[in-house]
Amino acid sequence: MRRLFLLFALVPVLAWSQAALPRTADGKPNLSGIWQVMTTADWDIQDHQARPDAPAGLGVVEGGEIPYQPWALAKKKDNFEKRASADPLTKCYLPGVPRITYTPLPFQILQAEKQVSIFYQYAHAVRFIFANGSKHPEGHIDWWLGDSRGEWQGDTLAVDVIHFNDQTWFDRAGNFHSEELHVVERYTLSDADHIRYEATIEDPKVFTRPWKMSLLLYRHKEPNIQLLEHECYGFDYEKYYP
Amino acid sequence: MTLLVAVIPLLAHHSFSAEYDIDKPVTITGTLTKLEWVNPHGWIYVDVKGADGKVVNWAVEFGGPNALLRRGVRKTDFPLGVELVVKGYRAKNGTPTVNGTSVKFPDGRNLYTGSSGPGAPED
Amino acid sequence: MLRLRLRKILPMKRTMRVKMLLTLPLLAGLLPGQAAKTADGQPDMQGFWAAEVGGTYSLVNPRRGGGRLREQLLEREGKKAPIKQSRITDPADGQIPYQPWARARQQEIQANIDRPAKQEYIDPQARCLPDGPIRSIFWSAYQILQFPGYVVFVYEQNHPYRIIPLDGRPHPSQDVKLWMGDSRGHWEGNTLVVDVANNNSKSRLDNEGDFASDKLHIVERYTFVDAKTMEYQATLEDPSVYTRPWTIQARMLRTHLKDPKYEQWEDACHEGEKNADASLQSAQNGGN
């Protein structure tokens, strides 16, 4: 009798949390909105203490370890030593995927049935996630943000990303990849104001096995919230114009 | 009444006369050493043997690669070491740099080039 | 042909004729473009568009990119570069109504673009800086996306974007200056009216030195004429640079129609840009 009561008590709770997800006309969870991370992954995706160039923070790598091949671990350490000039973000280069998700800047997702568009405040970066059943173009293409093809798996938007160049880092700490990088992102609305974001990383040239990052996206709820600009490569030239 | 449909080519980024010299057309033959398949302008590098026997590496600028990518052309279609005949205009700053208007391969293929100027298909 | 016929039936200035042509169908209650609407009732103008006459070399003498080099090459062949009619329809002389100091500045920049020995003479577009709302629309094709409460423009080259809310919210403080300005839109029938403030104006208006200050205010009108045609109009106001407001008009046409599966792809720019510094070096070293 008690078990049945508990079961009945759960049903409205489950129904309520399901009903709380905003959905589009075609029944999918609606990811549209302005989002931003609170994690310090942009500085270092692993647990790290405070540094002159980084706030302390817990990492986003599941299991904590990044499974580098031995040569690659040495390169990562070298990157770390040279990060003040070698981090591509010091030149305002596009951050690659998934780093573009966790820079300390907001981005706006605008979702349509066959295409999810993401507009980032960072250097007017744009990603179109084609969710129309189309395939990646033939390879290899050297893009900063890769080519993104998405599909809904239940209430999760799964995005397959390939066609990267080897110029981006995963963070300021020098974690890196080759042009064979393959990322699978998963966007899941855990409630109306939070997205659980996961990125599985695969790169047989650099790592011994796939590994995964996991973090939260928070919805901006300030009234009249909007993106502004972060045209960092223009900072040195602004003074000469108009 | 025919409805016009706009066909917009990749328009030039900058004033070419600032960097290249229309009075210095050049044709060079060399072997491909490197490809930079980047925006806004791609670059190919060719080793050219001069009359004095010395080898000089020339940089050849061509248009953004997206038009080529859309036609199915890939960086890997151009093996390093292949011999190329390049026509273009020489840079004003005296370096071995060319704004390429045509790049011919031994098999007769012509990689369209030209960030802007006559000859580029989009013109 | 149509233009000649129209000129006979409606013998008046081009701007008047355009205005009349746009109003008549509205009066008749038939506007073919009205058929398609988005889920929230906006006229549906999504897809790829481009200016009928593209190119950001000049507003007053528009022609394709390549500028002086291409013109020189054509002149050598005894041909004239195809220069089109001024995009400026008001004032009637097709010129930008500069204050005298501003006209002098524009001419100074124009005189130096082929030999930019100073940073300020390098075209900001050559540095891959975002082109601003006016210049962007003539430089490349662009995609229009519409969502509940928003119209978004994404330009193909260098992909700057403009997210335009339709809910009437205020602009941020005018102390905030943006490369692409800050846009607020609303629909009037088949016309999207966009108010653009917060312009940093650093991208200038074209390659031959036309410019505005950060006091620039723009009102754009995108009128959806039929399924494949838009008339674009932009009125620019900047009392610190011009003697009066002035207006650009241009026709926009759908594009990439031959390829229904066309996708907008990445078009990164400044990461690979090398030419701007090379041309500066060349000019400073006395390159001819």
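**Note on a predicted three-chain model**

1. Helix H2 of chain A is hardly covered, for among its twelve residues the count of buried ones is one; here a residue is buried if 20 or more other C-beta atoms lie within 10 Å of its own, exposed if 12 or fewer, and partly exposed in between, with C-beta atoms placed from the backbone. Helices (H or I, at least four residues) and strands (E, at least two) are DSSP runs, numbered from the N terminus. H2(A) covers residues 70-81, and at 1.5 Å a residue its twelve residues should span 16 Å, which agrees with the 17 Å between its end C-alpha atoms; the expected span is 1.5 Å times one less than the number of residues.

2. This is a predicted model, in which local features need pLDDT of at least 70 and side-chain atom pairs count only at pLDDT 80 or more, while totals for chains, interfaces and linings use all residues. Residues are numbered from 1 along each chain as its sequence is written, and chains are lettered from A and ligands numbered from 1 in the order in which they are written.

3. In chain A, nine strands close into a barrel in the order E1-E2-E3-E4-E5-E6-E7-E8-E9, with mixed pairing, where two strands pair if DSSP finds at least two bridges between them. From one strand to the next the twist averages 30°, an angle taken between N-to-C directions on a scale from 0 to 180 degrees, with axes fitted as lines to C-alpha atoms. Strands E8 (residues 194-202) and E9 (residues 211-219) of chain A run antiparallel and are joined by eight bridges; Thr200(A) stands opposite Lys212(A) in E9(A).

4. Which residues touch the most other members of the largest nonpolar core? They are Ala125(A) and Trp49(C), in a core of 99 residues, a nonpolar core being a set of buried Ala, Val, Leu, Ile, Met, Phe, Trp, Tyr and Cys residues joined through C-beta atoms within 7 Å. Leaving aside neighbours within four places in sequence, Ala125(A) is in contact with Leu94(A), Ile100(A), Tyr120(A) and Leu145(A), contact meaning that the C-beta atoms of two residues, placed from the backbone, lie within 7 Å. A second, separate core of 13 residues includes Tyr20(B), Trp58(B), Phe62(B) and Leu111(B).

5. Chain B has one helix and six strands, which follow the pattern β-β-β-α-β-β-β along the sequence. Of its 123 residues, 41% are buried.

6. Where chains C and A meet, 32 residues of chain C are in contact with 28 residues of chain A. On the side of chain C that touches chain A, strands E3 (142-147), E4 (150-155) and E5 (161-165) of chain C each supply at least two residues, and E4(C) gives the largest share, three residues.

7. Val151(C) lies in strand E4 of chain C and is buried, because 24 other C-beta atoms lie within 10 Å. Not counting residues up to four places away in sequence, Val151(C) touches Ile144(C), Gln146(C), Ile164(C), Leu166(C), Gly185(C) and Leu192(C).

8. Thr56(C) is found in the loop between strand E1 (47-51) and helix H3 (67-76) of chain C, yet Thr56(C) is buried, because 30 other C-beta atoms lie within 10 Å. Among the residues that Thr56(C) touches, not counting those up to four places away in sequence, are Arg135(C), Trp139(C) and Asp206(C).
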